[in-house]
Amino acid sequence: MFPKIYFLIFILLIPSLLLAKNVETFSPDKKILVRATVSEKVSLLVFYEEKQLFEIHDIRMETDQGDIPAANPHIQKIKTQTVNRMVVPVIKEKQASIPENYNETTIEFRGKSKLVIRAYNEGIAYRLVSALPGEITVRDEHAGFICDEKALLAFQFNKDPNSDYEAPYIQKKIAEMSPDDKGNLPALLEFPSGKKIVFLEADVNDYPVMWLNRNAANLETYFWRYPATYYQKGDSKSVRRVTGHKDFIAKTQGTREFPWRIFALADQDTELLKNQLVYLMGPELKIEDPSWIKPGWVLLDWWARREIFGVDFKAGINTLTAKYMINFCSEYGIRYFLLDDGWTKNEDLTKVIPELDLEEVIRYADSKNVDIMLWVTYANFDEQMDVALKQFKKWGVKGVKIDFMNRSDQEIVNFYWRAAEQCARYQMVIDFHGAYKPDGLRRAYPNVLTREALIEFEYSGGTDYDNPDHHCTLPFIRSVAGPIDYIPGTMFNSTRKTFRIIGDMPMGQGTRAHSMAMAVIAESPMQMLPDAPSEYYREEECARFLTAIPVEWDEIVPLAGKMGDYVALARRHGDQWFVAAITDWTPREMELDFSFLEENKKYTIELFRDGINADIRGNDYKKEISTVKKGDKITASLASGGGWIARVY
């Protein structure tokens with residue numbers, strides 16, 4: 001009798017045995033394991049050095065054609081592959097070539113859907129793939145992130161669908177967050193063990209940007225729904241603000257690959273400084289010949305025109321001011337001059353205010369080997385894109401700064417792609433401001449050189465948010481996603497005690513050496529100078545050094561770092577190195593190891609460090625020149641809010 005009962009039980013269990021399946025994917029170094037569990041739901045268990053780190057629970061999308069993958073999914077096929085190659089980026093943000101090594105598993109389900117899982121040594125990622133007919137409506141996308149509630153989440157807290165992605169980073173234990181607390185990506189989760197995860201995404205196209213939300217259990221995905229109504233008053237900076245939403249997050253093609261959900265993993269904070277998963281998982285290059293794309297320094301006139309002194313013309317948005325700034329760019333090897341807000345007549349992008357002879361300014365800039373960029377609002381540019389770009393090309397403009405998108409829904413994501421593609425057609429570079437974080441678009445369209453999505457120097461004109469604590473946080477969260485338009489190198493340097501908020505002449509918190517070091521710490525192939533030429537002429541020794549710092553790099557070597565406290569790194573451009581270190585408001589000594597230099601070579605080191613009185617006068621610095629060789633160790637003494645920067649050649 002008993003064998004018959006056992007046989008009957010076994011027969012009854014067969015369907016659930018077929019449904020339940022564990023599929024494992026290891027990172028190449030075997031430290032990371034992703035175990036996909038397929039039963040009633042699809043989940044991922046992530047192990048780091050054999051200990052479970054977190055779970056990604058109930059991965060699915062709700063659509064008008066059913067869930068992707070369907071409930072109680074059946075596995076039809078499992079495919080695996082290993083990739084080990086070098087990727088050569090068009091723009092060298094961190095490295096001249098990027099190693100890409102991962103193991104990939106594709107789980108094919110009945111119902112024409114797939115789950116693709118990748119395990120790198122630097123983290124893991126997954127994406128959903130569908131093969132449904134016609135167009136589908138995505139009502140929502142789900143994934144719960146279950147982990148230790150004692151873990152600390154560092155993120156930009158926000159509940160606004162019109163977010164400008166410029167909130168301060170805060171740090172909270174998950175257990176201390178309230179239900180429905182939200183924040184945008186990137187976000188860093190630090191476990192009691194010290195291990196870290198940075199939440200990221202890549203290849204976001206025709207789909208909304210992902211946020212994080214606190215639910216009753218832990219964390220989960222959150223997406224702003226498609227816009228239904230907009231703010232009806234105000235100028236082009238505000239008329240595209242969303243006031244109401246539809247009941248879905250996207251209408252898109254039924255056959256497609258959806259965005260990568262990326263989780264950068266690290267044992268040490270410094271490991272995050274080299275992470276390039278967002279770039280590697282971005283879409284392939286879309287520009288046939290990108291050789292026209294030129295990174296470089298930029299002088300913008302937003303503050304600079306308000307701070308000019310020692311000249312015989314009235315500074316403002318006018319031809320004489322523009323030529324004065326172009327002269328400075330030419331003298332200091334600055335590639336671009338950017339005319340910021342105020343150059344257009346009545347918000348018509350094809351017309352210029354009478355005080356500014358733009359054609360003459362561009363002709364003059366050409367004669368000085370300086371390129372011109374123009375600032376535009378998203379709303380104006382979206383409405384006038386074709387006619388504006390034709391006119392810009394006719395004038396000889398080489399780039400645009402697009403501002404005030406301030407959203408992350410599907411409609412705005414599609415604008416980013418359209419702007420990148422159209423600007424590439426007219427051979428124009430882009431700086432996105434009022435923007436969500438980088439998501440790999442720059443790999444497809446490397447003319448997208450940089451973007452904001454952070455509190456940067458301009459906030460010093462109205463708040464105290466842009467401080468050394470913030471500077472020491474950015475490299476470990478925001479920079480992991482991609483380039484940051486921080487705007488380093490102010491000559492108005494203050495201590496914590498002497499800082500004052502001055503709208504038209506913002507101070508930088510931290511010492512002079514700290515401000516200059518930010519040009520190496522804050523990674524961007526388009527770096528902007530905040531001050532007026534008058535100030536840089538007066539501080540020529542610092543200005544010459546600053547503007548000679550490259551914006552592209554062949555190699556990066558992290559030296560030391562703890563998020564929010566301090567960071568030190570070395571970057572190589574050709575045969576010269578730039579080494580930089582900054583601290584928060586805590587003075588500290590840092591030992592910098594020069595083992596990254598080549599053997600049997602003697603190098604000259606030209607450095608700027610905090611002066612002996614930098615703790616009471618922020619602009620006090622000391623310049624020194626000496627020699628250094630491989631294996632030497634130099635102790636950098638950093639004042640409160642201090643810094644240290646060197647060129648080694």
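Leaving aside neighbours within four places in sequence, which residues is valine 352 in contact with? Select valine 352 and look for Trp343, Lys345, Leu358 and Trp395, where contact means heavy atoms within 4.5 Å.

Before moving on, a word about the model. This is a predicted model, in which local features need pLDDT of at least 70 and side-chain atom pairs count only at pLDDT 80 or more, while totals for chains, interfaces and linings use all residues. Residues are numbered from 1 along each chain as its sequence is written, and side-chain values use heavy atoms, with hydrogens and water left out.

**Stop 1**

Valine 352 sits in strand S22. Helices (H or I, at least four residues) and strands (E, at least two) are DSSP runs, numbered from the N terminus. At 19% relative accessibility, valine 352 counts as buried; buried means under 20% relative accessible area, exposed over 50%, and partly exposed in between, with a 1.4 Å probe and protein chains only.

Now select helix H5, residues 358–367. Its buried residues are Leu358, Val361, Ile362, Tyr364 and Ala365. They lie on the same side of H5, because they cover an arc of only 160° around the axis; the arc is that of the directions from the helix axis to the C-beta atoms. An α-helix has 3.6 residues a turn, so residues three or four places apart point the same way. After H5 comes asparagine 369, with a positive phi near 60°.

**Stop 2: helix H11 and the largest cavity**

Select H11, residues 512–521. Here 10 of the 10 residues are buried, so H11 is largely enclosed by the rest of the structure. Among them are Arg512, His514, Met516 and Ile521.

A cavity is a set of points, on a 1 Å grid over the protein atoms alone, where a 1.4 Å probe fits but cannot get out, and lining residues have an atom within 4 Å of a point. Grid points are joined across faces, edges and corners, and a volume is the space filled by probe spheres set on the points. The count comes to 7 cavities of 30 Å³ or more, and the largest cavity holds about 90 Å³. Of the 16 residues that line the largest cavity, His471, Tyr486, Thr490, Gly508 and Ser515 are the closest to its centre. H11 gives the most to this lining, with 3 residues. By class, the lining has 5 nonpolar, 10 polar and 1 charged residues; Ala, Val, Leu, Ile, Met, Phe, Trp, Tyr, Cys and Pro count as nonpolar, Asp, Glu, Lys and Arg as charged, and the others, Gly among them, as polar.

Select isoleucine 487 as well, in the loop between helix H10 (478–481) and strand S27 (493–494). Isoleucine 487 has a positive phi of about 75° although it is not a glycine, and it is buried at 2% relative accessibility.

**Stop 3: aspartate 565 and the cysteines**

Aspartate 565 is in the loop between strand S30 (555–562) and strand S31 (566–573). Not counting residues up to four places away in sequence, aspartate 565 touches Cys472, Thr583, Asp584 and Arg588.

How many disulfides does the structure hold? There are 0, a disulfide being a pair of cysteine sulfur atoms within 2.5 Å. Cysteine 472 has its closest cysteine sulfur in cysteine 542, 20 Å away, too far for a bond. For cysteine 329, the closest cysteine sulfur is also in cysteine 542, at 19 Å, too far for a bond.

**Stop 4: two cis bonds**

Most residues other than glycine have a negative phi, and most peptide bonds are trans. Select isoleucine 68 and proline 69: the peptide bond from one to the other is cis, with omega near -10°. Proline 69 lies in the loop between strand S4 (51–63) and strand S5 (75–87). Then go to leucine 185 and proline 186, where the bond is cis with omega near 0°. Proline 186 is in strand S11, residues 182–190.

Definitions and conventions: On a 1 Å grid over the protein atoms alone, a cavity is a set of points where a 1.4 Å probe fits but cannot get out, and a pocket is an open set with protein on both sides within 12 Å along at least five of seven lines; lining residues have an atom within 4 Å of a point.
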